[in-house]
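Here is a short briefing on one protein model. Look over the sequence and the structure, then work through the points below.

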Amino acid sequence: MKGLAIASAILGSASMAAAHATFQQLWVDGVDQDTKCARLPPSNSPVTDVTSPNIRCNVGGAKGVSGVCEATAGKTMAVEMHQQPGDRKCSTEAIGGNHFGPVMVYMSRVDDAAAADGSGSWFKVDEFGYDADNKTWGTDVLNAGCGKRTFTVPAHLPAGDYLVRAEAIALHTASQVGGAQFYMTCYQVKLSSSGSQLPDGVSLPGAYKATDPGIKVDIWGNGFKSYEEPGPAKIADSYFRRR
Ligand SMILES: *[C@@H]1O[C@H](CO)[C@@H](O)[C@H](O)[C@H]1NC(C)=O
Ligand SMILES: [Cu+2]
């Protein structure tokens with residue numbers, strides 16, 4: 001991977017594209033939905049401006065697709081990332097090279113998942129930032145799991161349509177403002193549930209600042225010991241019990 005990074009520096013952006021990636025597939029309760037309900041980005045290039053509406057669902061992601069995946073609150077979903085469109089080979093790293101950083105999943109309740117533009121309220125349902133004990137990043141978890149990150153959809157959410165936003169942030173050049181690379185895909189989901197509690201959320205853009213400690217961060221320095229994910233705290237079961 002060190003070799004790849006050096007080659008990238010010499011050859012420039014054309015070879016960098018090989019290390020870039022997109023979230024593409026969705027699994028619902030262990031069943032592969034492929035890209036049926038994914039608003040696939042037009043390329044595997046990152047978004048770098050946290051103030052752009054592209055930070056919601058990537059470039060072109062305000063526009064819906066026809067497919068909607070049906071899911072059930074309290075059961076699992078998995079988001080799946082790969083470097084190239086449709087290349088699900090587990091022998092290829094999901095996100096390559098030195099693209100280390102957190103993996104997070106947000107959800108937003110919407111009237112119509114195929115029409116929503118992502119301008120509503122987003123709450124965080126999953127995150128894996130950095131485990132200092134074993135020096136594992138969220139992106140390492142993706143690479144070890146054939147691109148997949150599995151999480152449980154909170155059981156207390158109301159039934160209805162949602163956008164599910166998967167995000168990986170590559171921090172290899174994030175010691176400078178604007179150096180973090182954001183890779184997002186939104187999925188269109190219809191949720192069955194007997195729940196009735198919708199968490200408070202945040203706006204995107206809005207929730208991130210270019211200088212947040214989880215966005216402008218030197219992960220290579222000797223001083224780097226722990227990592228703080230950007231955005232709101234992940235919704236916990238305790239959040240719902242309070243209400
Ligand atoms: C490091 O620990 C986390 C749990 O916090 C685990 O998910 C991850 O797989 C571990 N990484 C390695 C390389 O063992
Ligand atoms: Cu990159």
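Predicted model: local features only at pLDDT ≥ 70, side-chain atom pairs only at ≥ 80, totals over all residues.

Residues are numbered from 1 along each chain as its sequence is written, chains are lettered from A and ligands numbered from 1 in the order in which they are written, and side-chain values use heavy atoms, with hydrogens and water left out.

**Disulfides**

- A disulfide is a pair of cysteine sulfur atoms within 2.5 Å, and by this rule the count comes to three.
- Cys 37 bonds to Cys 69, with 2.0 Å between the sulfur atoms.
- The torsion about the S-S bond of Cys 37 and Cys 69 is about -95 degrees, so this disulfide is left-handed.
- The pair links distant parts of the chain, 32 residues apart: Cys 37 is in the loop between strand 2 (31-32) and strand 3 (38-39), and Cys 69 is in strand 4. Helices (H or I, at least four residues) and strands (E, at least two) are DSSP runs, numbered from the N terminus.
- Cys 69 is buried too, with a relative accessible area of 0%.
- Cys 57 is joined to Cys 186, S to S 2.1 Å. The link of Cys 57 and Cys 186 is left-handed, with -80 degrees about the S-S bond.
- That pair spans 129 residues, from Cys 57 in helix 3 (residues 54-57) to Cys 186 in strand 12. Both Cys 57 and Cys 186 are buried.
- Cys 90 and Cys 146 form a disulfide, with sulfur atoms 2.0 Å apart. The torsion about its S-S bond is about -80 degrees, so the link of Cys 90 and Cys 146 is left-handed.
- Cys 90 is exposed, with a relative accessible area of 54%. Cys 146 counts as partly exposed, at 21%.
- Counting bonded cysteines along the chain, the pattern is 1-3, 2-6, 4-5.

**Copper site**

- The protein donors of the copper ion (ligand 2) are His 20 (NE2), His 99 (NE2) and Gln 181 (OE1), 2.1 to 2.2 Å from the ion. Donors are N, O and S atoms within 2.8 Å of the metal (3.2 Å for Na, K and Ca); water is not among the atoms, so sites may look incomplete.
- His 20 lies in the loop between helix 2 (13-16) and strand 1, and His 99 in the loop between strand 5 and strand 6, so the pair ties together parts that are 79 residues apart in sequence.
- Both His 20 and His 99 are buried.

**Nonpolar cores**

- A nonpolar core is a set of buried Ala, Val, Leu, Ile, Met, Phe, Trp, Tyr and Cys residues joined through side-chain atoms within 4.5 Å.
- The largest has 35 residues; Phe 23, Leu 26, Met 77, Met 81 and Tyr 187 have the most contacts inside it.
- Strand 11 gives the most to this core, with five residues.
- A second, separate core of 27 residues includes Val 47, Ile 169, Ala 174 and Phe 182.

Definitions and conventions:
Buried < 20%, exposed > 50% of the residue type's maximum accessible area, 1.4 Å probe, protein only.
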